[in-house]
Amino acid sequence: MAQAPSSSLEGVRRKPTLVERLDAYERLMRLDKPIGTLLLLWPTLSALWLGAAGAPGGSLLLIFVVGTLVMRSAGCAMNDWADRDFDAHVARTAGRPLAAGDIAPWEALAVAAAGAFFAFLLVLFTNRTAILWSIPALGITVAYPFFKRFFALPQAFLGIAFSFGMPMAYAAVQNRVPPLAWALLVINLFWVVAYDTEYAMVDRADDAKIGIRTSALTFGHADVLAVAICYALYLAGMAWIGRHYALGPIYFCGLGAALLIAASHLWVIRRREPAACFRAFIGNHWLGLAVFAGIAFDYAIRLARWPRAW
């Protein structure tokens, strides 16, 4: 009996449908996982409210909400392109579209470039200072994925990237970046290190095998203590911000809620179980929301300062 030819259709990869292609792009940009966008958004909006004394314009609010979503999507595409040779060896990331071969590397670069270009178009509707600061913001976004190759605490550099929306918000509102905006960036950086260390604790074993550097590996057995210290520095810094801006009890109630959330996360990660660490990471969205809500409601209820229509 004649054998089947070696070019059997069984070895041919099925061409993906349009729906499957769109799904791959959605996963590349993490539109199915909004947690990253929210972790970027809450501190950015907090700075926007503080910079505008509780009354930011509606147009700026829209620009920063949409811009945060777009830049986060572009950053994810860039990150996956940079990590394309590593993600397939990490259990949590092996299913990402680039690692799984659902899209080509050039497509990820195209998505990153398109997102960055659209975000820049949005910045053009602000002012000269914000436009100028958008250039280093883009450079930081592009550089971050490569810091995991050599920097012992890449989460600290991520803290700069995830906090840069704060000086950008001040620039858009005040057409300048005062020292307090940079102080907010530094304060927020500690929160980013805290929650991204929780995230890194999920992949600790895989990252050690493939040689990726993370804060979870650098801190070692002191990882939970390091997270606690970073939470404490962040919350103390935000308390100082509240005193500087003469914010009232509503704000400090929000900060108190954030403190309780941080304490619950430390309890959850105490045994370093990957699933528990991931739950703690996801829960940081509520911590950021509590701080922002405290700022917004304090201005609105105590001082009758609400966002303006335009």
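**View 1. The largest nonpolar core of this predicted model has 71 residues.** Trp49, Leu50, Tyr234, Met238, Leu287, Val291 and Ile295 have the most contacts inside it. A nonpolar core here is a set of buried Ala, Val, Leu, Ile, Met, Phe, Trp, Tyr and Cys residues joined through side-chain atoms within 4.5 Å. Buried means under 20% relative accessible area, exposed over 50%, partly exposed in between (1.4 Å probe, protein chains only). Helix H8 (residues 179-202) gives the largest share of this core, 15 residues. Helices are DSSP runs (H or I, at least four residues), numbered from the N terminus. Another core, of eleven residues, lies apart from it; Ala24, Ala77, Ala82 and Val111 are among them.

**View 2. Surroundings of Met238.** Beyond neighbours within four places in sequence, Met238 is in contact with Leu184, Ile187, Tyr251, Leu255 and Val291. Contact means heavy atoms within 4.5 Å.

**View 3. Helix H6 (residues 154-163) is mostly covered.** Eight of its ten residues are buried. They are Pro154, Gln155, Phe157, Leu158, Gly159, Ala161, Phe162 and Ser163. These buried residues pack against helices H2 (35-51), H5 (128-147), H7 (165-174), H8 and H10 (215-219).

**View 4. Arg21 sits in helix H1 (residues 18-28).** Arg21 is partly exposed, with a relative accessible area of 24%. Leaving aside neighbours within four places in sequence, Arg21 is in contact with Pro16, Asp102, Ile103 and Glu107. Arg21 and Asp102 are 81 residues apart in sequence and 7.6 Å apart in space, C-alpha to C-alpha.

**Notes.** Residues are numbered from 1 along each chain as its sequence is written, and side-chain values use heavy atoms, without hydrogens and water. In this predicted model, local features need pLDDT of at least 70 and side-chain atom pairs count only at pLDDT 80 or more, while totals for chains, interfaces and linings use all residues.

Note on methods
Helices (H or I, at least four residues) and strands (E, at least two) are DSSP runs, numbered from the N terminus.
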